[in-house]
Amino acid sequence: MRAVLDVVMLALNIYTWILIASAVLSWLIAFNVVNTRNQFVAAVWDFLYRVTEPALRPIRNMLPNLGGIDISPIILLLIIFFIERLIVYYLYPIAI
């Protein structure tokens with residue numbers, strides 16, 4: 001059981017970093033710091049978009065229109081942190 005929970009915690013941790021990288025790259029693209037015509041940037045952006053969008057889309061559909069501000073990554077990070085705390089405090093077996 002402990003090994004499965006360790007894998008779940010690792011997956012959540014990796015997804016957290018992917019989500020942060022996606023948010024930072026979207027800011028860099030929005031402010032024209034990086035150019036999506038570059039093949040490497042386009043490939044990274046496509047990967048990050050395809051990985052994060054299925055989790056962010058339902059959150060965006062529930063949120064009201066805030067203009068140009070997208071807080072769905074912050075809400076998803078809070079949900080991930082909440083799930084991690086639930087695992088640590090209630091599901092993770094105590095070592096004796």
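Helices here are DSSP runs of H or I with at least four residues, numbered from the N terminus. This is a predicted model, where local features need pLDDT of at least 70 and side-chain atom pairs count only at pLDDT 80 or more, while totals for chains, interfaces and linings use all residues. Residues are numbered from 1 along each chain as its sequence is written, and side-chain values use heavy atoms, with hydrogens and water left out.

Back to that pair: α1 and α3 pack at an angle of about 165°, and their axes are 11 Å apart. Axes are lines fitted to C-alpha atoms over the stretch in contact, and angles run from 0 to 180 degrees between N-to-C directions. On the α1 side, the contact (heavy atoms within 4.5 Å) includes Leu-5, Leu-12 and Leu-19, and among its α3 residues are Leu-76, Phe-81 and Leu-91. Sorted by class, that contact has 16 nonpolar residues, two polar and one charged. Ala, Val, Leu, Ile, Met, Phe, Trp, Tyr, Cys and Pro count as nonpolar, Asp, Glu, Lys and Arg as charged, and the others, Gly among them, as polar.

Next comes α2 (residues 39-62) against α3 (residues 72-91), at about 110° with axes 9 Å apart. These two are therefore roughly perpendicular, and α2 passes α3 in a right-handed crossing. From α2 come Ala-55, Leu-56, Ile-59 and Arg-60, meeting α3 residues that include Pro-73 and Leu-76. This contact divides into seven nonpolar, one polar and one charged.

Finally, the largest pocket has a volume of about 430 Å³. Of its 19 lining residues, Ala-23, Ser-26, Trp-27, Asp-70 and Pro-73 are the closest to its centre. Helices α1 (2-30), α2 and α3 are the elements giving two or more residues to that lining, which has 12 nonpolar, four polar and three charged residues. A pocket is an open set of points on a 1 Å grid over the protein atoms alone, where a 1.4 Å probe fits, with protein on both sides within 12 Å along at least five of seven lines; lining residues have an atom within 4 Å of a point. Points are joined across faces, edges and corners, and the volume is the space filled by probe spheres set on them.

Technical notes. Angles under 35 degrees count as roughly parallel, over 145 as roughly antiparallel, 65 to 115 as roughly perpendicular and the rest as oblique. A crossing is left-handed if the near helix is turned anticlockwise from the far one by less than a right angle, and right-handed if clockwise.
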